Amino acid sequence: MISGLTRRRLLSRIMTGVTVLCAILALAPLFAIFGDLVVRGASSLNWDFFVKNPAAAGDTGGGVANAIVGTLIIVGVGSALGLPVGIGAGVYLAEYGGGRFGVTVRFLADVLTGTPSVIVGVFVWMLVVRPMGHFSALAGGIALAILMVPMVTRTTEEMVRLVPHSLREAALALGFPRWRTTAQVMVRAAWPGIVTGALVAVARIAGETAPLLFTALGNLNFRTNVLQPMQTLSLQIYVFATGPFEEWHRLAWGAALVLMAIVLVFGLSARFVTRTRFRDG
Amino acid sequence: MQSASRTLLLTLLAAVGCGGSEVVLLNGAGATFPNIIYQKWITDYNTAHPEVQLNYQSIGSGGGVQQFTDGTVDFGATDGPMTDEEIAAVNGNVLHIPTVMGGVVPTYNLQGVTEPVRFSQEVIGDIYLGKITRWNDVRLRAINPGITLPDQGIVVVHRSDGSGTTYIWVDYLTTVSPEWASKVGRGRAVNWPVGLGGRGNEGVAATVTQTPGAIGYVELGYAIINKMPVGAIRNRFGNFVTPDFSTVSAASAGAMAAMGPDTDFRVSLIDAEGERTYPVSSFTWLLVKKDYGDQTAKARELVRFIWSAINDGQAAAPDLGYAPLPAELKPWIEARLRTVTASGAPVWPAED
Amino acid sequence: MDRRSSDRTSPQSSRIGWGDAVFKVALTAFAAVIPLLFLALVGRLAVSAWPTIRAFGLRFLTTSTWDPVANVYGAAPMIFGTLLSSLLALVLAVPLALGVAIYLTEFAPGWLRRPVATLVELLAAIPSVVYGLWGIFVLIPLLRAYVIPPLQAVLGWTPLFSGTFFGNSMLAAGMILAIMILPYISAVSREVLAAVPPSQREAALALGATRWEAVWSAVLPYGRAGVLGAIVLGLGRALGETMAVVMVIGNRHDLSVSLVEPGITMAAVIANEFNEAAGLQRAALFEVGLVLFGVTLAVNALARLLVWRVARGSAVGSRAI
């Protein structure tokens, strides 16, 4: 029996080691990818990279200025459309979401977070690009907004639910009407968490490519008009990576590094917001 | 660095100025075949004419025709001309304007092979039918006596998107291989018997360079820019011809006779006559509307751009792997461009 | 006093009682966007897919010809490719993800948990197109040089590994997908395992179990449904991935079991061909989209139901990072 115990203890040690190995294996690609982004992408980053548009095919030089601005504009449009709807729906679910309608909305929101983004792209093409008669950054923004809404809805609901009931009771006891209790007390208290959820969603859509293939299309030029096709970093990376020119590959790594940095800025600000909240008590 | 900041400033001004009548924005999409030279023309033209900003997305000829038909772009580009049904779908409101000539060439990835590999009509057909699967197949060796072909599997690469380059290539295969004609046929996208798909000329070139033993078809310019080996194909005369600017140009001689001043320019140069003609040559066309409704400024600027491309732009062709248009074609193209109307009148600019 | 009807208890609020109504209507409108979106998506896809649904019926799902010249379309290779690549991704990701989740909840020292968890979740932040870029220029050459030769030397006779490796392949796609879905499975499993009452573990330990045995026999079975939900969630993500797959899978319309050969998925074919498709081909792509949407909906709904039972309705599956 003693040997049995030793065997069992040994198994426990081994399995612990196996899980450690799993963690190492899981993190290996992360370090590999980030390492490659820095090593291969950093060499492309120069002043030209940030202020010039792509050069003609096969030429050297050029940059991704139009793509960087395009990413920011399209993400801005998408957020402007998606965040209000998502936050509004999330507050609804937290405050009034007990009934059958609320249950349905909650279920659909969860299920829709997994919608393949290429399907949303095709959908927006049919609904916006076709009637409009041309591709546009606006259509791209609408597609990204559709992707954001389910995510933001659920995180907002979760955050508002976390606000202690005592706050609500106190406000109502002071004579606040229901709507002011919700808007000015509950939402305000949950606001850092809501912002976190919003930033996380923004970080996610900043990297999207598939829906933009059929909506924003892409643009060689520096364009700020949302009613025209627009280039984004994600589209630029796709075109450059699948092309044959070494110059394009070099630029693709640089663009990927910049895109990753943008995504991380949004993601890290999300965490920063939460941390500040906890520090304030 | 100074010019970069100036370009940025100019384009910023142009962008800010858009929406008003100052800057005309033109969006086009389509063929990847001429993308190398179109990008050159467009970049140069945008810089020289800040009041116009052209944008061209190379999404494939299929995309060009589709977007043009849908009306989601101002002009399309294709190397597989629109069929009569497709023209009917836009109520005939389309002109095919040839801009440059090019050749679709076989390129491959074979270590240690420095001489151009020769392909006969039957061999290239059977490779793409999947009937010849190794580089040292007896039939390949028979026509390549001076080359040691390795015992390596042939990886066929084709287009995954709808493509005019495909159209030219399978037009050729249909012309020379009866089995291909009956099994597969011609079109911008076909049911490929074998092979890997690459997106655009760019994707096929990329896949071939990254895959040992691969063979693919790309526009000559892509092979040149990427310093990829180019094979020779046997033409109707029996000569193995390597594609270059002169052998591609030679293909148009016979076609000129077939066209007249009233031509709609939808002429095939496949398997053309001539001793030194490269058999897989083709025009590439811009799809332009006959009538642009009330978009007068756009129509005028587009016509002006095309005129500049057909004249000044032709000089850039040989270095980039294309062949300039035959000089005899230009008067006919000019006559056709003069018929483009908007707001009830031709948009041809008063000064050239 | 009835708090819910505060508009009756205070003289001020009865003046602005309509504020509640307006507010609720506004919020309800926002919330209604979601079911409307759902119906619009399904409806639009179905309407646009109708020509091919009518032309081919169920054959669309079972035949393999995708011929734009003859206008005959069958989506079997895409459906098969989607399922095979996702299955491969699960086979590779699930053991690793579960291992990470167990490590983080049971064995990791306290100070290490947060950093490691954050790093694993960072995998979810990398955009799909960046995964594709890395796949083309790093993973595939690595596979070609170090993995495929020994793999084919040993297992090349099996249908799963036979054939020539071109680089772009089902294997590359499956591996990238595995890396992409690992953080989701891991994060949700971690939440599920953390929600298991400590009493379970402690009871097992009190009865003399080793740490591993406590996990295996007390904690895991309790969270079984939730962990299954995490796996199903990961499957849902894998089914819908587009960019990384289209960049490494080779885009060949063929039904092949071999992992070293190229393939095609539903999402990839839409990305490739949509911009140029017309008429019946476009309808065929919409039908592919409809099938993909239906499959991911069903899988995500299943995941939701499984996870809800354990995690009690919290928005666990919707976390992005």
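Analyst: A residue is buried if 20 or more other C-beta atoms lie within 10 Å of its own, exposed if 12 or fewer, and partly exposed in between, with C-beta atoms placed from the backbone. By that count, buried residues make up 55% of the 352 residues in chain B. This is a predicted model, in which local features need pLDDT of at least 70 and side-chain atom pairs count only at pLDDT 80 or more, while totals for chains, interfaces and linings use all residues. Residues are numbered from 1 along each chain as its sequence is written, and chains are lettered from A and ligands numbered from 1 in the order in which they are written.

User: Where in chain B is confidence lowest, and where is it highest?

Analyst: Confidence in chain B is lowest in helix α1 (residues 2-17), with a mean of 45. It is highest in strand β3 (residues 75-78) of chain B, at 94. Helices (H or I, at least four residues) and strands (E, at least two) are DSSP runs, numbered from the N terminus. Over residues 1-20 of chain B, pLDDT stays under 50. For that stretch the model has 25 contacts beyond four places in sequence, where two residues are in contact if their C-beta atoms, placed from the backbone, lie within 7 Å.

User: How many helices and strands does chain B have?

Analyst: Chain B has 15 helices and 13 strands. The radius of gyration of chain B, taken over C-alpha atoms, is 21 Å, close to the 20 Å that the globule rule gives for 352 residues, so chain B is as compact as a globular protein of that length. The globule rule is 2.2 Å times the number of residues to the power 0.38. The C-alpha trace of chain B spans about 65 × 50 × 35 Å along its principal axes.

User: And B:Gln295, where is that found?

Analyst: B:Gln295 is in the loop between β11 (281-288) and α13 (296-311) of chain B. It counts as partly exposed, because it has 18 C-beta neighbours inside 10 Å. From B:Leu129 it is 166 residues away in sequence and 47 Å away in space, C-alpha to C-alpha.

User: Switching to chain C. How many helices and strands there?

Analyst: Chain C has 13 helices and 2 strands. Its C-alpha atoms fill a box of roughly 75 × 60 × 35 Å, taken along the principal axes. Of the 321 residues of chain C, 55% count as buried.

User: Which domains is chain C divided into?

Analyst: Domain 1 (1-50) and domain 2 (77-310), with bounds from an automatic or database domain assignment. Their C-alpha centres lie 38 Å apart. The contact takes 5 residues from domain 1 of chain C and 6 residues from domain 2 of chain C.

User: How many residues of chain C are in contact with chain B?

Analyst: 19 residues of chain C are in contact with 22 residues of chain B. On the chain C side, β1 (66-67) and α12 (266-273) each supply at least two residues. That side divides into 7 nonpolar, 8 polar and 4 charged. Here Ala, Val, Leu, Ile, Met, Phe, Trp, Tyr, Cys and Pro count as nonpolar, Asp, Glu, Lys and Arg as charged, and the others, Gly among them, as polar.

User: Is α12(C) mostly covered or exposed?

Analyst: Mostly covered: 8 of its 8 residues are buried.

User: And how many residues of chain C are in contact with chain A?

Analyst: 78 residues of chain C are in contact with 82 residues of chain A. Helix α2 (residues 17-56) of chain C gives the most to the chain C side, with 16 residues. The chain C side divides into 48 nonpolar, 21 polar and 9 charged.

User: How many residues are in the largest nonpolar core?

Analyst: 313 residues. A nonpolar core is a set of buried Ala, Val, Leu, Ile, Met, Phe, Trp, Tyr and Cys residues joined through C-beta atoms within 7 Å. Those with the most contacts inside this core include A:Ile237, A:Ala255 and C:Ile34. Its largest share, 18 residues, comes from helix α7 (residues 170-195) of chain C. Domain 1 and domain 2 of chain C both give residues to this core, so the core lies between them.

User: What does C:Ile34 touch?

Analyst: Leaving out residues up to four places away in sequence, C:Ile34 touches residues including A:Ala89, A:Val105, A:Leu108 and A:Pro150.

Conventions
pLDDT = per-residue confidence, 0-100.
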